[in-house]
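User: I have a model open and would like to go through it with you. Can we start with the ligand?

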Amino acid sequence: MDIYKLLNCLNKQQRTAVSAPRGHFLVLAGAGSGKTRVLVHRIAWLLDVEKCSEKSIMAVTFTTKASKEMRDRLDKLMGIPKENIWIGTFHSLSYRLLCSHYLQAGLPKNFQILDSDDQHRLLQRLMKCKNLDSKKWSISKIVGYINHKKEKGLRPKDITSYNSLTEKTWIGLYKIYQDVCDRSGLVDFSELLLRAYELLRDQSHIRDYYQKRFTNILVDEFQDTNDIQYKWIRILSGTCSKVVIVGDDDQSIYGWRGAQAENIQRFIQDFSGAVTIRLEQNYRSQNNILDAANALISYNNIRLGKQLWTEERNGDPISIYCALDELDEARFVVRSLQAWIEQGRLLGECVILYRVNIQAGVLEEILLEKNIPYQLHNGTHFFQRKEIKDLLSYLRLIVNRNDDAAFERVINTPLRRIGVHTLDCIRQVSSDYNITLWQSSQEILKQGGLIGNMASSYLEGFILLVDRLDKITKALPLDLQTQRILQDTGLWAMYRDKKQEMDQSRIAHLEEFINLAQKYSSSRHMHSKTTLLQDFLSDILIDMGEVNNSNKRKDAVQLMTLHASKGLEFSQVFIVGMEEGIFPSQASLDNGGGYLEEERRLAYVGITRAMQRLTLTHAKKRRLYGQEVSYMPSRFISELPDHCVKKISCNTRANWSFHNKNIEFPFINKESFFTVGQSVNHTKFGKGTIINVIGFGKDRRIQVEFYNQDIRWLFAVYARLSVQ
Ligand code: ATP
Ligand code: MG
């Protein structure tokens with residue numbers, strides 16, 4: 001390869017980083033300054049100039065999409081694929097290591113990955129076995145605890161002390177959970193990393209082999225490494241390897257998952273002789289976008305500090321749109337996309353970013369309505385969501401009792417004490433006699449005695465329920481039929497009684513489904529031979545197929561969370577839901593300080609994805625989690641300099657003022673009411689007593705001890721508190 005080609009398209013600092021003699025390097029630089037480009041060119045340099053073998057190189061990134069992108073960029077630069085280089089995420093590379101050495105890692109050959117949904121399910125089951133009330137014990141907290149310990153490299157036996165009886169129970173559950181996973185050959189996401197780390201730590205011949213092999217390790221997005229990832233890199237690098245890390249402290253957005261931007265400092269200490277190189281020119285964004293990003297991030301206190309500049313022209317100002325509600329917001333975005341296509345541009349150049357996955361629902365609806373192809377990342381398609389799949393399975397079973405997949409899914413959802421033995425028996429009879437699961441269940445009930453009296457009555461209960469629902473809902477309109485099924489099967493209660501955020505969103509999805517059913521039945525005339533329900537179901541299935549097909553089509557607008565957008569770039573970016581309580585999130589408002597700074601870094605990541613055009617939208621009111629709430633515009637909007645932004649008015653509707661930097665916050669006058677000793681009620685945390693009050697004005701913070709023994713600091717102006 002032509003060495004000039006390799007270096008010519010780089011600036012001076014980039015060239016220094018790429019062509020330096022082999023050694024440890026830290027490239028510390030802001031968004032869009034070419035960090036990933038440096039990494040890719042460095043790999044090419046190592047191959048071509050340093051004559052390193054492909055096998056000696058490992059490059060680590062954070063998302064699958066980013067690792068694919070890195071491989072593509074390298075293949076393009078080199079002209080031929082370099083398949084022997086290990087390029088992947090921490091998880092995929094750990095998986096690869098474990099597959100190669102499953103025996104030494106104590107795993108069966110066919111070990112399976114346990115996704116987080118399954119992880120929740122498994123723990124739920126184990127808690128039940130241990131007679132722990134899932135209403136009292138939050139599964140999310142236990143999952144969080146286990147994952148956190150794994151990320152710290154700790155096994156149950158390593159946790160020798162605990163701070164409370166609660167933690168003691170968690171440790172016990174961690175142990176049981178791990179035993180079950182080990183017995184069943186299941187590996188959760190955190191386990192992948194920990195297992196791979198332990199493999200290298202405990203098996204010296206394997207460690208020696210990889211330490212000698214990977215003499216060049218390169219890590220992208222290093223600011224988001226957590227403890228175990230850092231240890232993983234450290235042990236793999238040994239004494240022979242040269243490590244290049246690139247990162248940006250301003251883009252550290254996984255603190256909540258244990259990432260430590262301090263790992264950057266740790267690297268400088270641990271890898272002696274590491275040289276720091278800074279890049280300051282941004283090549284991605286036009287000037288207005290860059291100015292806005294620089295201004296926004298300057299509001300953060302905890303920074304290593306850097307300023308980016310660009311030779312690019314100012315470009316369009318950042319558009320800010322105030323929508324009436326989430327529908328108006330989605331329609332505005334879709335209209336803008338249509339205008340973009342009319343200008344001859346591609347949809348694939350555009351991305352819509354949001355804070356939480358649930359915000360995608362309404363966007364999807366309008367995109368589908370207007371026939372705009374889209375691709376959803378990291379989220380689940382509406383009809384593939386668990387709660388919707390549960391409901392659909394009941395509907396399918398009502399239409400066709402012989403639908404085995406639907407039968408398997410709902411026979412014990414919600415739990416109705418139909419045990420593994422009964423299920424095994426049903427499966428056995430079904431395969432012995434070549435009949436469906438439904439028929440097999442009926443056969444078993446007819447024969448009696450096969451599964452015992454109690455088990456028979458539970459199974460019979462299920463069969464009767466489905467038959468009865470079929471009979472009594474047949475004549476009902478589709479939406480009422482769905483509602484009745486949700487109620488009588490217990491699905492509705494199952495999600496309603498769980499108080500976690502995820503379950504609230506599930507209820508909202510089920511409500512959305514009912515709306516859909518209602519719209520569908522009002523737009524259809526009954527076909528003669530099929531029922532409306534049958535039509536509805538087959539339309540949904542076709543729709544799923546189409547959406548999947550359209551995903552394969554290249555030109556589609558991308559939809560993803562802000563977190564998932566890290567490292568990517570798009571000509572046009574929309575960030576929707578820029579409202580206090582959504583972005584920044586309510587949790588970050590309640591906790592303030594570092595949490596709020598992490599949200600701001602996330603906004604910085606979102607803004608710096610844009611190359612040419614950036615649009616921020618917020619709605620005056622929004623329906624989320626089944627409730628309609630009015631929100632104030634995000635403070636991040638008011639932190640953007642006036643000269644970079646342009647307000648888009650929606651016809652004659654009055655807009656809120658964005659240019660006023662001292663936005664009035666809704667709860668600002670409340671602060672004077674709060675005093676120590678007062679009893680208060682928080683919309684999320686419940687009742688509690690104020691035990692401390694500090695600061696003034698917008699910075700006033702109060703400390704509350706809640707009845708569930710949680711003690712929290714809250715910002716007085718935002719806290720959703722009422723005085724008792
Ligand atoms: P992020 O922090 O978002 O991950 P980054 O620092 O990794 O960004 P890159 O993605 O490597 O930045 O580069 C941003 C864009 O700028 C890319 O389109 C890249 O091709 C381009 N670019 C980088 N350096 C140069 C250069 N010297 N000349 C021209 N274009 C460049
Ligand atoms: Mg990058």
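User: What does the side chain of Gln14 do at ligand 1?

Analyst: A polar side-chain atom of Gln14 lies 2.8 Å from a nitrogen atom of ligand 1. That is a polar contact, meaning a pair of N or O atoms within 3.5 Å. The protein covers 87% of the 630 Å² of accessible area that ligand 1 has on its own, by the Shrake-Rupley method with a 1.4 Å probe.

User: Where do these numbers come from?

Analyst: This is a predicted model, where local features need pLDDT of at least 70, side-chain atom pairs count only at pLDDT 80 or more, and totals for chains, interfaces and linings use all residues. Residues are numbered from 1 along each chain as its sequence is written, chains are lettered from A and ligands numbered from 1 in the order in which they are written, and side-chain values use heavy atoms, with hydrogens and water left out.

User: Which backbone atoms lie by ligand 1?

Analyst: A backbone N or O atom of Cys9 is 3.1 Å from a nitrogen atom of ligand 1. For Gly34, a backbone N or O atom is 3.1 Å from an oxygen atom of the ligand.

User: Which residues come nearest to ligand 1?

Analyst: Lys35, Thr36, Gln251, Glu569 and Arg609, out of 20 residues around ligand 1; a residue counts if one of its heavy atoms lies within 4 Å.

User: Which helix gives the largest share of that shell?

Analyst: Helix H3 (residues 35–48), with three residues. Helices (H or I, at least four residues) and strands (E, at least two) are DSSP runs, numbered from the N terminus.

User: New topic. Which peptide bonds are cis?

Analyst: One joins Thr413 and Pro414, with omega about -5 degrees. Pro414 is in the loop between helix H17 (404–410) and helix H18 (420–433). Another runs from Phe583 to Pro584, with omega near 10 degrees. Pro584 lies in the loop between strand E13 (570–575) and helix H25 (586–591).

User: And what is the phi of Lys51?

Analyst: Positive, about 55 degrees, although Lys51 is not a glycine. Most residues other than glycine have a negative phi, and most peptide bonds are trans. Lys51 is in the loop between H3 and strand E2 (57–61).

Note on methods. Polar contact = N/O pair within 3.5 Å; in protein donor to acceptor, adjacent residues only side chain to side chain.
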